[in-house]
Amino acid sequence: MPLPPSFQVQAAVAIAILHQDGKFLMQLRDDIPTIIYPGYWAFFGGHLEPGELPEEGLRRELAEEIGYTPDRVEEFTWYGDSQLIRYVYHAPLTVPIEALELNEGWDMGLWTPEDVYRGDRYSAKAGQVRPIGPPHQRILIDYLKRFPVDR
């Protein structure tokens, strides 16, 4: 996913839209005030190491966060502003959610398209309904426009 030559960013992340049976795997981020979007639902993935290609960083982050790396990931698009670029990939989740190891975050769950459009979902671990991060909701809505799911 090449960037325009004039595009300058301070940080880059690679994130994954992992889908299974018309639902999307999301992470409930830890509720720690020092992180971005604390207590919000977001994608698995994370910051790229210096010199790391986005797909390499994505695979590393998925292995660290949930003990899973898809056989193949496909580029979806990228989103950027003056501070952060998000390289977005998508891939099927080919194992049951119970087979994943939640090594980072408060909770995880499969979101329906209805959850995405509503913008929140209940977390049993948090014991409450928690919102999705605004950029993550926008990305998933863009994804659903391009790859509609039977509802």
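**View 1. Phe24, Phe76, Tyr143 and Phe147 gather into one aromatic cluster.** For ring pairs here, the centres of Phe, Tyr or Trp rings (for Trp, the six-membered ring) lie within 6.5 Å; planes under 30 degrees apart are called stacked, over 60 edge-to-face, and the rest tilted. This is a predicted model, so local features need pLDDT of at least 70 and side-chain atom pairs count only at pLDDT 80 or more, while totals for chains, interfaces and linings use all residues. Residues are numbered from 1 along each chain as its sequence is written, and side-chain values use heavy atoms, with hydrogens and water left out.

**View 2. Trp41 meets Trp111 edge-to-face.** The structure holds 6 aromatic pairs, and here is one of them. The ring centres of Trp41 and Trp111 sit 5.7 Å apart with the planes at 70 degrees, so this one goes down as edge-to-face. It's a link between distant parts of the chain: Trp41 belongs to strand 3 (residues 41-42) and Trp111 to strand 7 (residues 107-111), 70 residues apart. Strands (E, at least two residues) and helices (H or I, at least four) are DSSP runs, numbered from the N terminus. Trp41 is buried, at 0% relative accessibility, and Trp111 is buried at 0% too. Buried means under 20% relative accessible area, exposed over 50%, and partly exposed in between (1.4 Å probe, protein chains only).

**View 3. Phe76 and Tyr143 pair up edge-to-face.** Centre to centre they are 5.2 Å apart, with 70 degrees between the planes. Phe76 comes from strand 5 and Tyr143 from helix 3, 67 residues apart, so to speak a bridge between distant parts of the chain. Phe76 counts as buried at 9% relative accessibility, and Tyr143 does at 5%.

**View 4. Arg121 lies over the face of Trp41.** The distance to the ring centre is 5.7 Å. A charge sits over a ring if Lys NZ or Arg CZ is within 6 Å of the ring centre and within 35 degrees of the ring normal.

**View 5. Ile17, Ile139 and Leu140 touch the most other members of the largest nonpolar core, which has 21 residues.** Such a core is a set of buried Ala, Val, Leu, Ile, Met, Phe, Trp, Tyr and Cys residues joined through side-chain atoms within 4.5 Å. Helix 3 gives the largest share, 5 residues.

**View 6. Ile139 has contacts (heavy atoms within 4.5 Å) beyond its sequence neighbours.** Leaving aside neighbours within four places in sequence, Ile139 contacts Ile15, Ile17, Phe43, Phe76, Tyr79, Arg86 and Val88.
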